[in-house]
Amino acid sequence: MVRVSLQTSQVIKLMWSEKYRPQIISDMVGNEEPRAAIMEWFAKWKKGTKPLLLVGPPGIGKTTMAYLVAKQFGYDMIGLNASDVRSKSRINEILTPVLGNVSVLGIPMIFVDEVDGIHGRGDYGGAAALVDILKEPTVPIVIAANDDSLEKMKNIKKVVTTISFKRIPPRLLRVYLENILKKENVKLSPGSLIKVIDKSRGDIRSMINLTQSLINGFNPQTEISFEKINVEDGVNAFFKANSIDEARSVLYSMQINPRDKINAFYSSIVTSDIDNPTLAKYLETISDADMIYGKIMKTQNWRLLRYLNDILIKLYQNDDRIRYTKYNLSWPLLNRIRWDGAKIKSLSSVMAKKLHLSSSAFVSICLPYVLFCIKNKTLELELEETFGDIIEKEMELIQ
Amino acid sequence: MKFPGTCIVCNEKIPVNEIGLWAKGLGVKHEKCAQINELQCIVCGSPAGCPQCEFQENCDIPHVSQLCICKKCSEENDAFSSYQKLVNKKFPILNS
């Protein structure tokens, strides 16, 4: 994991979304009134003040706002997300020391992100324990959610002050994006600019990432260049890329299910004609990617997904021997499974009836002996002519 | 209104006897919320010119942050700096 995080930090240096992350509240764009309301809440905060619930769609700066305001008011922020507050015991383990022993920890502030991600019954008292804490705040508590209309948010909403964030008007996003492009000394055609903004649907982070992907992209700035590329074009373009930046852009443009992304690289690699040491290296990387995906699924900590592309980028070698393949077995083997497999299945069902066995027992236990016997001419079976080919084929293989 | 409802635009309650515009499958909204809104330019204070905006099709006016920037102000040099200056002037607490 250390190796991964080192590489990640190197990549982050290049990411515009990190480079241009607001450093102070006034660096942010849009939602001026909610921003002012949060500042006012912090300025007036005293023990017992109702906690704050920030509600709004993803990518518009709720989390950034919480971090910046904590920094600006000199709080030590304790950031949690829904996966940390699943059970009552876990909540108490993390938050009781903060709530009860303030002086030891400096000036703490609690931020719980994605509270709408807490599952009602699936969480062992997590939601109820959180509400108990929200009722008697001894430190500033800010929670964030994408949607407050859910049933499970009802009890939380009763004990908090809600501030709603809205999507940012597209033209304001355009001004913000043009400012970044100017600082980077790069240009984007007006058509592409509008399309990037429309596509990001008010999500600033997504807009900046899409723009960077387009600017550093493997494709020129055409109207379709940042459309989601399909998995086949993506894998082929990745291995054909002339630089690691180009390969990274391809990876980011492949906006598909992470499982499908890992599978596509795996099947393409294992069916390619590459030497064993290289194959081992590639499989090691696929294994790392698979492990992080497994961890995401197990913990539901989807924030880890941001590291997936940074792991997969290690596959980049400008290796034109690798081409996209959907299936993770070689064609001769796939053909054999498809055609010979059907014939063996049919043979086994006939023989199983004769021998009073199940088909699978016949194939796994008896078939090799039957084939030997037929070969040594100690057994003659009265079978249909269609089975002649497959029996001969299997007899050759048995040697 | 025969029955009380919640406005789908502003999320506020609409009491009985008040005028509300209802559509099947959509819900109800206040009369004033049903009027076509236009965003305001934070820089010059005039309407942002939403009917002529290049993003008109993709801008959900009632559901976006209500301060925008008009075409003229957005095309000026350092438009983002002007935006920031005006935001800080209008909301001094953001710069405290």
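The buried residues of α4(A) pack against α3, β1, β2, β3 and β4 of chain A. Those buried residues are K62(A), M65(A), A66(A), L68(A), V69(A) and A70(A). A residue counts as buried if 20 or more other C-beta atoms lie within 10 Å of its own, as exposed if 12 or fewer do, and as partly exposed in between, with C-beta atoms placed from the backbone. Helices (H or I, at least four residues) and strands (E, at least two) are DSSP runs, numbered from the N terminus.

A word on the model: it is predicted, so local features need pLDDT of at least 70 and side-chain atom pairs count only at pLDDT 80 or more, while totals for chains, interfaces and linings use all residues. Residues are numbered from 1 along each chain as its sequence is written, and chains are lettered from A and ligands numbered from 1 in the order in which they are written.

**The sheet and its helices**

Helix α4 (residues 62-72) of chain A lies across β1, β2, β3 (108-113) and β4 of chain A, and runs at about 165 degrees to β4(A). Axes here are lines fitted to C-alpha atoms, for helices over the stretch in contact, and angles run from 0 to 180 degrees between N-to-C directions. Just after α4(A) comes G74(A), with a positive phi of about 75 degrees.

What is the strand order of the open sheet in chain A? Its 5 strands follow the order β2-β3-β4-β1-β5, with parallel pairing. Two strands pair if DSSP finds at least two bridges between them. At the edges are β2 (76-81) and β5 (161-164) of chain A, each pairing on one side only. From one strand to the next, the twist averages 20 degrees. Strand β1 (residues 52-55) of chain A joins strand β4 (residues 141-145) of chain A in the parallel sense over 4 bridges, and L52(A) stands opposite V142(A) in β4(A). Across β1 and β5 of chain A lies α3(A), at about 150 degrees to β5(A).

**Cores**

L54(A), I143(A) and I69(B) touch the most other members of the largest nonpolar core, which has 74 residues. Such a core is a set of buried Ala, Val, Leu, Ile, Met, Phe, Trp, Tyr and Cys residues joined through C-beta atoms within 7 Å. Leaving aside neighbours within four places in sequence, L54(A) is in contact with K62(A), M65(A), A66(A), V142(A), A144(A), I163(A) and F165(A). Contact means that the C-beta atoms of two residues, placed from the backbone, lie within 7 Å. Apart from that core lies another, of 20 residues, among them V250(A), I269(A), A289(A) and L312(A).

**Where chain A meets chain B**

The contact takes 25 residues from chain A and 24 residues from chain B. On the side of chain A, the elements giving two or more residues are α3 (32-44), α8 (170-184) and α9 (190-200). The largest share, 7 residues, comes from α8(A). The residues on this side divide into 12 nonpolar, 5 polar and 8 charged. In this count, Ala, Val, Leu, Ile, Met, Phe, Trp, Tyr, Cys and Pro are nonpolar, Asp, Glu, Lys and Arg are charged, and the others, Gly among them, are polar.

| Helix pair | Angle | Axis distance |
|---|---|---|
| α8(A) and α3(B) (residues 79-90) | about 125 degrees | 8 Å |
| α17(A) (residues 359-375) and α18(A) (residues 387-398) | about 100 degrees | 10 Å |

Between the chains, V175(A), Y176(A) and N179(A) in α8(A) meet A79(B), F80(B) and Y83(B) in α3(B). The residues of this contact divide into 5 nonpolar, 1 polar and no charged. Within chain A, P368(A), L371(A), F372(A), I374(A) and K375(A) in α17(A) meet I391(A), E394(A), M395(A) and I398(A) in α18(A).

**Positive phi values**

Most residues other than glycine have a negative phi. N185(A), in the loop between α8 and α9 of chain A, has a positive phi near 60 degrees. Is N185(A) buried or exposed? N185(A) counts as exposed because 6 C-beta neighbours lie inside 10 Å. H356(A) also has a positive phi, of about 55 degrees, although it is not a glycine.
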